[in-house]
Amino acid sequence: MTARIAGNDYRSLTPPALGSWTPSLRVSVVVPAYGDQEKLDLALAGLASQTYPAALTEVVVVDNGSSPPLRLPSLCPADTRLIVCPVPGRAHARNAGLAAATGDVIHWLDSDVVLDRRSVEAHMRWHHAAPYLVVTGYLRFTPAGLPAPEVVAAADDLAKLFEPAEPHAWLVDLVERTDGLTANPHRAFSLHVGGATSVNAALLAAAGPMDTDLILGQDTEMGYRLAQAGAVFVPEPLSRAFHLGPTMRMRDKAPIDRVSHAFVADRIPSYRWLRSHPARQWKVPYVEVVVEPAGRPGKGYAYDEVRATVDAVLAGTLPDVAVTLAGPWDRVGAEGRAPLKNPDLDLVLIRGHYAHEPRVRFVQEVSAASAAPALPPDPPGGSAAPASPAWAVPYRLRLPAGWVPGEDTLARLLDLARDEGYGLVSVLLAEEDDAAGGDGGAGGPAGPVGTASGRTVVRARLERAAAFARAAIVLEEGEDLDDAVDDTFGVIWVDGETYGFAPEAGVFTGRRGAYRARAEAAAEVARLTKEAERLREQVAKWRDEAGRWRRSTVELRREVGTLRKELAAARKVVQYGLLSSVKRVITRRR
């Protein structure tokens, strides 16, 4: 039974301790090189002293057009070959080495990297635990002078030769921020760096070779495709290596990012921050929507249903989308005499309506759920480089024709799948008695599905390509693929109405309408801002007035207090004067 890993949590595996196990897999170390014979000699010397069995190790050195040509030194592994790739570029050199490699595992190694003697073994113990792993060691960048190859081969600890050195800070930070890549599996593929990474050969064959169209960023782009093929990425601190000198990225990070991002944006949909344009289309779309016939017995596509669904998809808040329609399009032809009697009229209308919409493609059939979405064909005159695998599109939504997503429905479903890590989101669109129009059968991937209660469930499915690729690797005989997806990524059911699906077409806002709405909203905001400012000024005025009233009140209270005192004094005077008068009268009478 193949080990099952949920998400990227490789911690469920327990690899054997170094030196305490018996390996069986063969590893091919592919070393592309261009010049710098002295550093290559040190890299091969490091490989010559590995603890992994020499009988299970081959080394393929690829001379990428060096002048003078490179040579194999006397101190290198026994099974070492030197081949030549005259086409310049590291991607071409790696592909040449990959084509010549025969191992169960491919270990990429730069020609200026010296491996610790236990490094290959530290990698390979993981590959014996599961067949879909990508393992990366820890590089340190040393400014130290170059020792003799014999010194490197004899060293038990390379730190004595190359320290002090700087760590691969970006990689270390990524691993620490993501709890060893287990907390954020969407970024795990960034761990694929060509300096010291090993990949299962079968997984690499499924992902495809290096993209030779890229100037920079080939490692990251391949890491993305490996993730789509079902890979789990493992950082291995016991695999240590020293890079002889700083990398180009350490010297020129900003210009390298500028060049890399210009190309990888087209190929890595997961890098959403590179796809902020509200209307652009990309080589690899973020989601493929497969529109399927509604599932009524004896009926295929209906033009009005398809148009309602496809138009809604294309008008949504997610422009990064492609639509696939599968059907007998090869039999669709023009009917010049009686077009209204053409039995394939609906197919003719559908194809004609979307013939010039680049985001809609017509295919004879769509692969099953176990395979992943297909890419739209490359434009005429495109590159002859190896095409991206079909499942480079990260998500596929299977949707019955006639069901209309809301403007933000796709984006909300994708947020749910991405944020929670689900491999499959099943959407309940309707549930009805079989007599109401369902076929009561097993149904297709989307659309009507018969239930034991005699009712028909109409559903849509949002499938994550990486989850289904992983599930296909670990699937046992007789097991339902969705169950394997549930084990490795998780499955959830949601209500279609809650997410904005409707059984009929609505009114689209359109870009002009949306622009006008934004303009009106902006104008209303400006008006309300101005009114708020006026009210603030009025409030300030009222506060000033209230302050004056309070001050006047205080002054009046003071005046009243003074008058009260004066009145009391006057009363005393009057009382005293009256008393004196009475006393005088009494005195006279006596």
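Twenty residues, written 20 in the count, line the largest cavity, and Pro185, His186, Ala227, Gln228 and Arg464 are the ones nearest its centre. A cavity here is a set of points, on a 1 Å grid over the protein atoms alone, where a 1.4 Å probe fits but cannot get out; lining residues have an atom within 4 Å of a point. The model is predicted, so local features need pLDDT of at least 70 and side-chain atom pairs count only at pLDDT 80 or more, while totals for chains, interfaces and linings use all residues. Residues are numbered from 1 along each chain as its sequence is written, and side-chain values use heavy atoms, with hydrogens and water left out.

Helix H8 (218-228) and helix H14 (465-474) are the elements that give two or more residues to this lining. H8 provides the largest share, three residues. Helices (H or I, at least four residues) and strands (E, at least two) are DSSP runs, numbered from the N terminus. By class, the lining divides into 12 nonpolar, five polar and three charged residues. Ala, Val, Leu, Ile, Met, Phe, Trp, Tyr, Cys and Pro count as nonpolar, Asp, Glu, Lys and Arg as charged, and the others, Gly among them, as polar. The volume of the largest cavity is about 230 Å³, and the count of cavities of 30 Å³ or more is four. A volume is the space filled by probe spheres set on the grid points, which are joined across faces, edges and corners.

H14 also packs against helix H15 (residues 481-488), at an angle of about 110° and with the axes 8 Å apart. H14 is therefore roughly perpendicular to H15, a term for angles of 65 to 115 degrees; under 35 counts as roughly parallel, over 145 as roughly antiparallel and the rest as oblique. Axes are lines fitted to C-alpha atoms, for helices over the stretch in contact, and angles run from 0 to 180 degrees between N-to-C directions. Among the H14 residues that meet H15 are Phe468 and Arg470, and the H15 side includes Leu481 and Asp482. Contact means heavy atoms within 4.5 Å.

Tyr303, Val306, Arg307, Val310, Asp311 and Leu314 in H11 meet Asp346, Leu349, Ile350, His353 and Tyr354 in H12. This contact has seven nonpolar, one polar and three charged residues.

The backbone comes last. Most peptide bonds are trans, and most residues other than glycine have a negative phi. A cis bond joins Ser67 and Pro68, with omega about 0°; Pro68 lies in the loop between strand E2 (57-63) and strand E3 (80-84). The bond from Glu163 to Pro164 is also cis, with omega near 5°. Asp179 has a positive phi, near 50°, and sits in the loop between helix H6 (169-177) and strand E8 (196-200).

Terms used: 1 Å grid on protein atoms, 1.4 Å probe; cavity = no way out; pocket = protein on both sides within 12 Å on 5 of 7 lines; lining within 4 Å.
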